[in-house]
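Dear colleague,

I am handing over the structure below, and I would be glad if you could look through it before reading on. My notes on what was found in it follow directly after.

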Amino acid sequence: MKFVINVLSSSNAPATRRALRFAQAVLAAGHEIVRVFFYQDGVLTASNNLVVAQDQQDIAKQWQAFITENKLDAVVCIAAALRRGVLDQAEAQRYQREAVNLADGYQLSGLGQLHDALQQADRCISFGGE
Amino acid sequence: MAKSVLLISRQAPWAGIGAAEALDIALAAGAFDLPLSILFMDDGVLQLLDQQQPQALEQKDLSANLQALPMFGIEQLYVAQHCLTVRGLADNPLALTAERVDDQRIQQLIRQHDYVMTL
Amino acid sequence: MTTLHILNAAPTQTSQLSSCLRVLSAGDGIVFCGEAVQALRAGSLAAQQLQGIDPSCKLYALEEDVLARAIDAEALPVTLLDYPAFVALCVAYSRVNSWT
């Protein structure tokens, strides 16, 4: 089966860890992830600027590793990202901001990518709130 | 045939950007000509209330985006009757044309769509 | 065509559970995860409400969340899930409605 996974919360939210463990289980079961779409506070999970205490799970880092190791299509909604201060090189230049903090492996794009993924997939699950 | 989405919008309009970000999903579907219906439920029904004054909060008026929905081809709008009633809004005129639906009709709507996204 | 509803907020904090119960169809399932597992606590008001639902609707909970919160869900017919089982459920039901 083909899954779309929406991440709507930051890496500090338990929901974001749940999303990751779920995504890992999806692949382990032999299913496909068409796209992981980061929206609302989920865009913060794609920041490369987070500092996590040594004795805590670095969920953002784990998400990044999972995406890159499995060559997943990880899209971060550009509008949601801009208003929360997550920018790539192009946007930082465009808006003359100092920090380029979109982690490697992620791409900024529009909500059209969410709908495109839904049209290709069989199941969609979202993780957000707390 | 394109897969259909039922977007259930549950956030109050001025409680944060949740309501606007849910609406953006609907507008994006419309821009790509995809079948999407919206059900306003729980505090989401408050988005449809007439005569609100967001400028008092220095906020952009969400109703501009709501009014744009039919222009984007998003015409199937529903509002949960029960949620209007418990908020004392059963008799209030709505700012948008939305079909008032009871619980049974909502159950049916869910079953009629390929995807349900509740925000 | 059945729907698997996923709840993640405490019933004492939001209307997720009460609203979900209103729009549940026969044959649907509910997965309790995160703070939503509070609804399963024996003796709670939410647990009482769950006693009365259509028996064709199955209840599930993420085991890690039940354990973490010392929930005693004995009184309810809840199936505890690990992540592989959670994925399998999403495949078995026709659609997933995640309440956030």
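This is a predicted model: local features need pLDDT of at least 70, side-chain atom pairs count only at pLDDT 80 or more; totals for chains, interfaces and linings use all residues.

**A helix across the sheet of chain A**

Strand β1 (residues 2-7) of chain A is joined to β5(A) by five bridges, the two running parallel, and Ile5(A) is found opposite Ile125(A) in β5(A).

**Chain A as a whole**

Chain A contains five helices and five strands, and along the sequence these follow the pattern β-α-β-α-β-α-α-β-α-β. Its radius of gyration is 14 Å, close to the 14 Å that the globule rule gives for 130 residues, so chain A is as compact as a globular protein of that length. The C-alpha trace of chain A spans about 45 × 40 × 25 Å along its principal axes, and 50% of the 130 residues of chain A count as buried. Among the contacts in chain A with a separation of 6 or more, 78% are accounted for by residues 24 or more positions apart.

**The sheet of chain B**

Chain B also has an open sheet of five strands, with the order β4-β3-β2-β1-β5 and parallel pairing. Here β4 (99-101) and β5 of chain B stand at the edges, and each has a single partner strand, so one side of each is left without a neighbour in the sheet. Neighbouring strands of this sheet are turned by 25° against each other on average, again with direction ignored. Five bridges join strand β1 (residues 5-9) of chain B to β2(B), and these strands run parallel; within that pairing, Ile8(B) has Leu39(B) in β2(B) as its bridge partner. Helix α1(B) lies across β1, β2 and β5 of chain B, and it runs at about 160° to β1(B).

Most residues other than glycine have a negative phi. Gln40(A) sits in the loop between β2 (32-38) and α2 (59-69) of chain A, and it is buried, with 24 other C-beta atoms within 10 Å, where 20 or more are required. In chain B, Asp42(B) likewise has a positive phi of about 50° without being a glycine. Asp42(B) lies in the loop between β2 (36-40) and α2 (62-68) of chain B, and with 23 C-beta neighbours inside 10 Å this residue counts as buried.

**The nonpolar core**

The largest nonpolar core has 110 residues, and those that touch the most other members are Phe38(A), Val43(A), Val76(A), Leu7(B), Val31(C) and Phe32(C). Helix α1 (residues 18-31) of chain B gives the most to this core, namely seven residues. As for Val76(A), if residues up to four places away in sequence are not counted, the residues it touches include Phe38(A), Val43(A), Ala46(A), Leu102(A) and Leu108(A).

**Where chain C meets its neighbours**

Between chains C and A, 14 residues of chain C are in contact with 19 residues of chain A. On the side of chain C that touches chain A, α4 (83-92) and β5 (95-98) of chain C each supply at least two residues, and the largest share, six residues, comes from α4(C). The residues of that side divide into nine nonpolar, four polar and one charged.

The contact between chains B and C takes 13 residues from chain B and 12 residues from chain C. On the side of chain B that touches chain C, α4 (103-112) and β5 (115-118) of chain B each supply at least two residues, with α4(B) giving the most, five residues. This side of chain B divides into six nonpolar, three polar and four charged residues.

With kind regards

Terms used
Residues are numbered from 1 along each chain as its sequence is written. Chains are lettered from A and ligands numbered from 1 in the order in which they are written. Helices (H or I, at least four residues) and strands (E, at least two) are DSSP runs, numbered from the N terminus. A residue is buried if 20 or more other C-beta atoms lie within 10 Å of its own, exposed if 12 or fewer, and partly exposed in between; C-beta atoms are placed from the backbone. Two strands pair if DSSP finds at least two bridges between them. Two residues are in contact if their C-beta atoms, placed from the backbone, lie within 7 Å. Ala, Val, Leu, Ile, Met, Phe, Trp, Tyr, Cys and Pro count as nonpolar, Asp, Glu, Lys and Arg as charged, and the others, Gly among them, as polar. A nonpolar core is a set of buried Ala, Val, Leu, Ile, Met, Phe, Trp, Tyr and Cys residues joined through C-beta atoms within 7 Å. The radius of gyration is taken over C-alpha atoms; the globule rule is 2.2 Å times the number of residues to the power 0.38. Axes are lines fitted to C-alpha atoms, for helices over the stretch in contact, and angles run from 0 to 180 degrees between N-to-C directions.
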